[in-house]
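Here's a quick briefing to read alongside the model. Keep the viewer open as you go.

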Amino acid sequence: MSCRTSWRTCPLDREAHPLMHDTDGTHTRRFGLPTATALVMGNIIGGGIFLLPASVAPFGTVSLLAFGVLTVGAIALALVFGRLARRHPRTGGPYVYAREAFGDFAGFLSAWSFWTMTWVSNAALAVAGVGYLHVMTGKGSMAGDLAMALAMLWLPALANLAGTRWVGAVQMISTVMKFVPLLFVAVVGLFFFDPDNLGSFTTSDGNWTGGLTASAAILLYSYVGVESAAMSAGEVRDPERNVGRASVLGTVGAALVYLLGTVSVFGTVRHDKLVESTAPFSDAVDVMFGGHWGGTLIAVCAVISIVGALNGWTLMSAQAPYAAAKDGLFPAAFGKKKRGVPTFGVLAAAVLASGLTVVNYTSGVGGVFEILVLITTFSATVPYLLAAAAQVYFLLTGRRDKVRTGRFVRDMALALGAFAFSFWLVAGAGYAAVYQGVLFLFAGILVYVWLTARRTAAAQAEAQAPAAEPAGTVQEAQEAAAVRP
């Protein structure tokens, strides 16, 4: 097929025309490298960064070493996604790679796991956002908190429904607005750094490996979102090049904020106070500039950060089902786009997250919301494991198109490193998360069976339809012959 008849198959045309055809016949603008990078960075950096220093402080400064190790693993995973996107530059990311390597069932498990993780996590982000709003507005009523949480879910959903142009604009603005203040505090904090505030290297009875593992278990999910550019590859301009670049740049940018911010807080807030802190960044600002206005400043940054993350994750919640639906592995409604966005997937995620949020505020049953969030911690790792395993499979089976022979060792090392990182994520989730997550994952098997049965029945009906025509023709011929004189 020539480039004139299909711009998707021609790299030059793809570069020249950043617009893509939508399923409704309209055009929508694709993401460039800066927007794709902002999508990755914005999805990785949610609201958790504002509590991370206090969360890992009890383990000592060995937690900084854990951060470094995890950063290396996350970058390896980002590079693997870039390699896989060169091979399969389609929307769906990890789902596409798992299906191409291991078949429909593995692809479905990847899509199902990622989908459930996104909409439950969105509900968790919205609830966390309300907690930060309380710093600015004070404690409100249950109805008021619920209304604010639902607004935080639906405003990003409306931005997504408006099209990829609006998604990209919101993501760029929110990423800059949260990145600049956080980086400012992180860098300025280095000038107030006092080594006496750090505390001991480890507090785990002298066993630094125990402290490393324990702190890593808390930090493991700080890098969930590294797959964002790969998941939206179909909406990224020149995905063969830009997905890998955006994944690495976004991960490195997020790591820079994480590491510098944590080091600055460790060095400005006394260790005994940091261990008990509920707002470590606010305490650090108070130490640096005096007064008590740091809490409000950090709360504003946190809300902006969470809204940006919700904007990106709302888009992610629709991408995996969209790709699976195009292959018949998700209900067909998920496979339609308007203005570059899978609208049904966005609405479905928003409705489900809203329902979970309502349950959280109205059920009165303690621990229900926490259990569901715990399940998603395992669900987030399933697509990573399958994607890394897919890259290993492609390399071992000789399907190394677009990969030079001299790069085999490097690519295999990256793939194995990414698999080990993903496996560590599973181990760090804990027994309860893995046990409950597996049960929730296997619940999707019924959906897979239903969809497979429908596809099989449709295929059988289509196969039998042509065979029925000759029989009718023969019968008509016999009837015609019988009435001939």
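This is a predicted model: local features need pLDDT of at least 70, side-chain atom pairs count only at pLDDT 80 or more; totals for chains, interfaces and linings use all residues.

Residues are numbered from 1 along each chain as its sequence is written, and side-chain values use heavy atoms, with hydrogens and water left out.

**The whole chain**

- The protein chain has 19 helices and two strands, taken as DSSP runs numbered from the N terminus (helices are H or I, at least four residues; strands are E, at least two).
- Take the contacts (heavy atoms within 4.5 Å) between residues at least 6 apart in sequence: 81% of them join residues at least 24 apart.

**H4 against H17**

- Helix H4 (residues 62-87) packs on helix H17 (residues 381-396) at about 60 degrees, with the axes 10 Å apart; axes are lines fitted to C-alpha atoms over the stretch in contact, and angles run from 0 to 180 degrees between N-to-C directions.
- That angle makes H4 oblique to H17 (under 35 degrees is roughly parallel, over 145 roughly antiparallel, 65 to 115 roughly perpendicular, and the rest oblique).
- On the H4 side the contact includes Leu77, Phe81 and Arg87, and on the H17 side it includes Tyr384 and Phe394.
- By class, the residues of this H4 and H17 contact are seven nonpolar, one polar and two charged (Ala, Val, Leu, Ile, Met, Phe, Trp, Tyr, Cys and Pro count as nonpolar, Asp, Glu, Lys and Arg as charged, and the others, Gly among them, as polar).

**H4 against H9**

- H4 also packs with helix H9 (residues 208-219), again at about 60 degrees, with their axes 8 Å apart, so H4 and H9 are oblique to each other.
- Among the residues that meet here are Val62, Phe67 and Leu70 of H4, and Trp208, Gly211 and Leu219 of H9.
- The contact of H4 with H9 has nine nonpolar residues, three polar and no charged ones.

**Leucine 146**

- Leucine 146 sits in helix H7 (residues 142-161) and is buried, at 16% relative accessible area.
- Beyond its neighbours within four places in sequence, leucine 146 touches Thr357, Val358 and Tyr361.
- Leucine 146 and threonine 362 are 216 residues apart in sequence, yet 8.9 Å apart in space, C-alpha to C-alpha.

Key
Buried means under 20% relative accessible area, exposed over 50%, partly exposed in between (1.4 Å probe, protein chains only).
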